[in-house]
Amino acid sequence: MAQQRFVWPLISFVFVFGLWELAGRWPISLAFPPFSKTALALLRMTVDGSLPKAYLSTLQPLVIGIVLCGIAGIGFGIGMGLSRTIEWFSLPIFIILQAAPMAAIIPLITYIYGIGLTAKVLAVVVLAAPVVVMNSYKGIRNTNASLVQMCRAFLGTRRQEVVKIILPHAGALIFAGLRLGLAMGFIGIVIAELMITPTGIGDLISYHSSVADYPEMFAAIFSIIALAALAIHGLERLERKLFPPEIRGA
Amino acid sequence: MPAEAIVEVRGAGKSYDGTVEALRDVSLALPQGGLSTLLGPSGCGKTTLLKIIAGLIPPSAGEVWVKGKKVDGPGPERAFVFQDFALLPWATVLRNVAFGLELRGVTPEQRHDIARGYIEKVGLKGFETSYPHQLSGGMRQRVGLARALAVDADIILMDEPFSSVDEQTRRKFQEELLDLLKIERKTVIFVTHSIEEAAYLSDQIVLLSPRPGTVSRIIHPAIERGGKNPDEIRRDKNYLDVVDEIWQILKRYVV
């Protein structure tokens with residue numbers, strides 16, 4: 001069984017990379033390198049330090065942005081869930097933010113905050129915050145009414161109701177919001193680096209594209225996709241460990 | 001009435017949004033140490049009445065007095081058993097049973113000690129570390145009952161506690177409930193829509209008519225329980241008469 005868990009994904013990877021190799025060798029386009037060349041370029045860029053250096057500058061604003069969303073976004077979402085007043089004046093804003101194509105306002109950030117770290121962090125926050133806030137809010141709002149009534153019947157205070165019933169009940173949804181927020185954060189950071197601040201992995205992509213080093217360009221793209229997929233998959237597994245479906249509230 | 005009333009309901013009414021009237025002018029006296037049943041067809045407001053007595057829902061009219069004090073919210077002398085069990089899915093049986101004490105700030109050693117005692121009394125010894133999803137419906141309701149007993153309230157309010165439990169489990173549970181309540185000397189107010197259940201368990205049956213709920217009749221089944229086993233009670237002439245009497249009244253409300 002344990003072996004099977006590895007065999008199928010492995011077959012899947014071999015199949016996809018094999019197709020990639022074939023398509024690159026055909027070639028369908030001069031700008032589309034085969035898998036082997038891309039893999040070599042990835043190795044080269046890792047060894048010469050350009051890839052690690054790019055990631056250092058990409059991950060810093062991503063982590064800062066996600067931590068900010070984790071603290072302020074979750075806090076705000078919980079506030080919205082608990083207080084009718086906060087909900088009343090901020091729910092419409094977040095509904096609009098969640099529906100709007102937030103990537104469109106990233107150029108606007110440059111006008112206001114220039115091209116530094118602040119702008120990159122903001123790009124992450126602008127994309128990640130709505131889903132983090134809305135999930136926390138929904139988690140709180142979906143509290144099982146019967147459990148809240150039980151808490152009151154056994155003389156629980158409002159504070160105990162929040163700490164012992166509402167928050168544990170919302171935990172799984174809040175965490176899921178953070179995971180979706182991270183996925184949005186990856187989008188935000190790459191857009192920011194492509195559009196406003198030519199640094200980090202975005203710069204690596206656009207630079208190699210402009211000098212027609214296509215294997216390097218694809219290696220950079222491939223690496224950021226792989227990193228995002230691994231990070232989000234990791235969070236998903238952590239989520240299932242922390243909140244097993246059978247004992248979570250929501 | 002043999003015993004003094006521990007719960008008095010005076011002219012209680014409840015309407016929602018000023019249009020839907022669930023209860024109208026309900027007055028009741030529930031004797032100390034007895035088991036009273038609120039019985040009626042669905043939509044007669046029996047659960048609403050129970051939750052008003054519990055202090056979970058404020059009445060729109062009238063008032064409820066418990067042990068000589070007017071009810072304006074839940075109190076330590078009342079404990080509630082919920083129809084849907086209302087157990088914390090992320091907590092073990094032990095924590096769930098001790099939860100009422102946890103909310104009251106009892107130390108962990110003390111409350112776990114008390115909880116273990118009641119877990120044993122409701123027949124769940126060995127399941128202390130299980131989670132609710134690992135238990136059957138009947139066992140979950142035993143946890144709910146143990147939680148209500150653990151806070152040592154005088155009055156146990158039970159809202160259709162056996163409605164999501166299968167018939168065999170229900171009968172077994174009813175018998176054990178009677179034994180347990182005899183030992184624990186609780187006053188019980190029990191909501192049900194089962195005529196047999198009401199006749200089998202109750203010292204006093206309050207029949208409610210539907211929409212809006214009003215007291216239609218109060219019956220005191222004179223079933224001699226002493227020394228009889230449950231199966232003898234279920235064949236007792238008085239028991240069967242009570243069941244029939246209730247049915248004659250209730251069938252008028254069934255459309």
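Mentor: Start in chain B, where strand S3 (residues 35-39) and strand S8 (residues 187-192) run parallel and are joined by 5 bridges. Strands pair if DSSP finds at least two bridges between them. Strands (E, at least two residues) and helices (H or I, at least four) are DSSP runs, numbered from the N terminus.

Trainee: Which residue in S8(B) is the bridge partner of Ser36(B)?
Mentor: Ile189(B). Before going on, note that this is a predicted model: local features need pLDDT of at least 70, side-chain atom pairs count only at pLDDT 80 or more, and totals for chains, interfaces and linings use all residues. Residues are numbered from 1 along each chain as its sequence is written, with chains lettered from A and ligands numbered from 1 in the order in which they are written.

Trainee: In what order do the strands of the open sheet in chain B come?
Mentor: S6-S7-S8-S3-S9-S10, 6 strands with mixed pairing. Strand S6 (78-81) and strand S10 (214-219) of chain B are at the edges and have a single partner strand each, so one side of each lacks a neighbour in the sheet. On average, neighbouring strands are turned by 20 degrees against each other, direction ignored.

Trainee: Domains next. What does the assignment give for chain B?
Mentor: Domain 1 (5-77 + 154-253) and domain 2 (87-152); the bounds come from an automatic or database domain assignment. Their centres, taken over C-alpha atoms, are separated by 25 Å.

Trainee: How many residues of domain 1 of chain B are in contact with domain 2 of chain B?
Mentor: 10 residues of domain 1 of chain B, against 7 of domain 2 of chain B. Contact means C-beta atoms, placed from the backbone, within 7 Å. Helix H5 (residues 167-184) of chain B gives the most to the domain 1 side, with 5 residues.

Trainee: And chain B against chain A, how many residues are in contact?
Mentor: 18 residues of chain B with 16 of chain A. On the chain B side, the largest share, 3 residues, is from helix H2 (residues 93-103) of chain B.

Trainee: Last one: at what angle do H3 and H6 of chain A pack?
Mentor: About 30 degrees, with the axes of helix H3 (residues 50-82) and helix H6 (residues 117-141) of chain A 7 Å apart. Axes are lines fitted to C-alpha atoms, for helices over the stretch in contact, and angles run from 0 to 180 degrees between N-to-C directions. That makes H3(A) roughly parallel to H6(A), a term for angles under 35 degrees.

Definitions and conventions: Contact = placed C-beta atoms within 7 Å. Parallel < 35°, antiparallel > 145°, perpendicular 65-115°, else oblique.
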